[in-house]
Amino acid sequence: MGSDDNPVTANERVDERYDPHPIEQKWSARWEGDPALYAAERVSTKKKYYVLEMLPYPSGALHMGHVRNYSIGDALARYMWMRGYNVLHPMGWDAFGLPAENAALKNNTPPRAWTLANIGNMKAQMKRLGFSYDWATETATCLPEYYRWNQWFFLKMVEKGLAYRKKSKVNWCPECATVLANEQVVDGCCWRHEETKVEIRDLEQWFLRITQYADELLRDLESLDGWPEKVKTMQRNWIGRSEGAQVDFTLESPGPHGAKITVFTTRIDTIFGATSVQLAPEHPVVQDLIAANPEIKDKVAELQLEQQAAKDAGDAGAVEKHCVFTGAYATNPFNGERLPVWVANYILMEYGTGAIMSVPAHDERDYEFAKKYGIEMRVVILPRRTEEPTGDGEQEPVLPFTHEDSMLINSGEFNEMSTPDAKAAMARLAEQKGFGKATVTYRLKDWGVSRQRYWGTPIPMVYCEKDGIVPVPESQLPVILPDNVDITQTGGSPLSRVPAFLNTTCPKCGGPARRETDTMDTFVDSSWYFYRYTDAQNTNAPFDPALAAYWFPIDQYIGGVEHAILHLIYSRFWTKVMRDLGLIKNSEPVERLFTQGMVIKDGAKMSKNKGNVVSPDDMVAQYGADAARLYSLFAAPPDRDLDWQEQGVEGCFRFLGRVYRFVTKHAKPQHPEWRAGVPAELGPEARVLQRKLHQTIAKITHDFDSRWHFNTSIAALMELSNDLYAAEGAIRKGTVPVPLMAQLQRTLVQLLAPFAPYLMAELWETLGERGTLLKQPWPVFNPALAKEDEIEIPVQINGKLRSRIMVSADANEEAAKEAAFRDERVKAAIEGKTIVKVIIVPGKMVNIVVK
């Protein structure tokens with residue numbers, strides 16, 4: 001809506017001018033003085049509704065992208081309160097993380113002080129914007145009263161074998177000077193530092209065994225009917241379940257890493273067509289092969305660089321395929337054939353076992369490899385016969401032939417088996433003879449949670465020379481993160497340079513020990529925070545299971561689609577672990593998920609890094625909080641990107657001014673008929689307003705209950721406002737009864753309350769109403785009163801539109817037919833023609849067929 005929309009007319013020129021600031025300051029102070037206003041009832045017979053926006057990182061200040069996200073959740077929370085629900089609408093802070101360390105280096109400010117100051121600033125902004133958060137449930141993940149439970153959960157996972165330590169190749173961001181989870185590597189770069197290439201290093205790390213829940217994480221996606229399909233697809237792809245078999249190929253010359261190369265294949269039915277074995281450049285056996293044949297060392301290093309470059313570009317599968325023959329051979333256990341062993345840049349160590357059997361005739365990638373390097377291709381599957389053979393011999397398919405609906409040939413005892421039968425039989429034989437088995441692999445890997453940074457949850461483990469790795473007893477939690485730590489972001493964890501923290505006593509033997517100096521990945525903090533909101537002051541447990549049972553699952557969760565893989569998979573995993581610990585009964589944390597669109601400015605997502613943020617403080621100062629909120633919901637459907645235009649905020653300000661002026665002009669709460677019932681019989685002008693009112697109630701209620709197209713809801717309220725102004729002549733004449741005028745204004749205020757709470761609270765009081773608007777019942781529309789008296793329907797002749805006619809909304813076919821034939825345009829069009837038939841769709845159209 002531009003600044004020229006809804007111009008002020010002469011009828012609107014009254015003494016009162018809409019100034020949002022005194023109104024918003026008045027109601028902000030009043031709401032601040034009523035801490036129970038937004039508090040959920042701990043014990044209630046009402047139906048519950050838990051609405052939550054993803055908690056923010058306290059970076060220092062909100063921008064209008066945040067405002068849009070929180071305005072969506074706030075509108076929904078206010079609507080559900082008015083619908084009579086017991087609403088939980090909390091807010092907290094994802095307060096650990098690297099930016100606080102960066103700020104400490106840049107500004108010489110301790111991370112804790114920097115973070116808490118930012119929280120104070122952002123909280124003040126949220127209050128000024130009028131968001132309906134219950135601040136008694138506020139949680140900051142950097143405080144000991146929260147992160148002690150991170151540590152408690154970690155110890156429980158250690159007990160259950162879900163947390164373990166191992167040496168592994170990890171993603172290392174040189175700029176963060178810490179490890180990244182696979183999910184935090186985007187196009188080969190750090191998710192925080194988009195230009196910084198991630199390195200691969202070998203480190204001892206703590207892992208959480210998320211793969212133990214891989215099947216359940218995948219299966220339960222089918223139950224999440226309230227989640228966007230795109231998010232579920234992203235999670236399915238990330239989990240990456242593949243059914244197949246592992247088969248051991250025996251090396252002729254074994255080395256330190258063993259005599260076998262175990263390959264994973266989803267097509268064991270084609271194993272008689274294997275003509276080589278291929279390894280990822282990082283496969284452990286490759287080092288043995290280099291030791292036996294040093295000439296391939298440089299080439300293998302080159303292949304590794306090529307693979308990494310393709311990963312960095314975001315598509316490892318698109319790498320130009322290069323290989324090197326190692327000079328080694330391995331034996332196919334099914335037919336005893338001697339196969340050459342190659343190292344290939346397109347084989348990924350993180351998929352399967354990092355080794356494959358190459359079957360060029362039946363795999364597109366292997367086919368490209370064989371064509372390039374002149375490797376034999378052997379056909380071992382054909383399309384299944386659909387009729388008796390003709391005697392002309394089998395017709396070889398066009399290669400590569402990869403269809404599953406196939407029949408085996410050239411495969412020994414398995415000839416003429418179907419692919420499904422052969423897969424099962426071959427896997428059974430491999431297991432019987434001890435050289436393989438049916439198996440399932442996942443793209444999902446265990447979650448590496450060790451981080452070599454300071455500002456995070458200390459991992460509650462100690463290292464004792466006598467007893468090894470020992471958990472910190474629960475009675476000693478929390479392990480407190482020390483203050484005044486020298487942060488350099490080099491040389492590993494800063495905690496390793498704090499003797500008072502590092503040196504401790506072994507809980508088991510009482511001897512000297514050292515603490516774990518890595519801290520936890522901050523996604524641990526956000527994996528369960530929404531449970532803490534239900535019982536934020538509990539000092540004896542993470543939360544009361546009875547309260548969690550009442551509130552969970554979350555009825556509506558709102559946040560960006562960029563969290564589809566990281567936060568949302570981790571939080572689903574954490575919920576299942578808590579269920580298995582007996583803390584909760586639900587298996588999924590969120591019933592419905594909504595991913596809002598981004599706010600775009602100057603062609604890019606609004607963000608601090610882009611330098612294109614718009615401060616809500618500026619918008620509030622110029623137009624008021626209600627206008628800023630209203631624009632964020634009006635400018636685009638919530639699931640679409642919003643292209644920021646400040647003149648749109650001005651347009652929303654003007655609209656609110658029109659509503660303010662109309663109500664302050666026409667509110668007559670002292671009139672004796674102000675609270676009387678609306679007469680059953682209304683004149684035509686009053687009936688038009690009543691019908692428009694009930695149509696608007698119906699539309700906005702439907703929008704809240706279904707598609708959340710708040711932009712069209714607000715547009716409908718603008719239309720209602722326009723109709724009210726257009727009726728001012730009738731109002732002056734007295735043809736709109738006072739009780740209807742009261743109902744029109746009360747309902748307009750109620751319908752606008754979720755979107756512009758400050759002004760509507762003021763106008764509710766202006767209308768002489770008592771009680772908090774937030775807890776007033778939502779208006780109910782009457783279908784009979786919303787129904788049009790007359791409707792317009794098109795008239796076609798031989799399928800072409802010739803006229804439009806007005807008929808009664810409940811006109812039957814005969815009445816519609818008579819009205820069509822009375823129409824002058826229709827008469828002229830059919831004059832002199834023979835009527836063949838008349839097709840009538842009641843309430844929709846009339847089609848006359850003539851010749």
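View 1. Strand β28 (residues 599–601) runs antiparallel to β29, joined by 2 bridges. Opposite A604 in β29 stands K601.

**View 2. Helices α17 and α18.** The axes of helix α17 (residues 625–634) and α18 come within 8 Å and cross at roughly 115°; axes are lines fitted to C-alpha atoms over the stretch in contact, and angles run from 0 to 180 degrees between N-to-C directions. The contact (heavy atoms within 4.5 Å) includes L630, Y631 and F634 of α17 and C652, F653 and L656 of α18. By class, 10 residues of this contact are nonpolar, 1 is polar and 1 is charged; Ala, Val, Leu, Ile, Met, Phe, Trp, Tyr, Cys and Pro count as nonpolar, Asp, Glu, Lys and Arg as charged, and the others, Gly among them, as polar.

**View 3. Helices α16 and α18.** Helix α16 (residues 616–623) packs against helix α18 (residues 646–666) at an angle of about 40°, the axes lying 11 Å apart. M619, Q622 and Y623 of α16 meet E646, V649, E650 and F653 of α18. These residues comprise 4 nonpolar, 1 polar and 2 charged.

**Notes.** Residues are numbered from 1 along each chain as its sequence is written, and side-chain values use heavy atoms, without hydrogens and water. In this predicted model, local features need pLDDT of at least 70 and side-chain atom pairs count only at pLDDT 80 or more, whereas totals for chains, interfaces and linings use all residues.

Technical notes. Helix = DSSP H or I, 4+ residues; strand = E, 2+ residues; numbered from the N terminus. Pairing = 2+ DSSP bridges.
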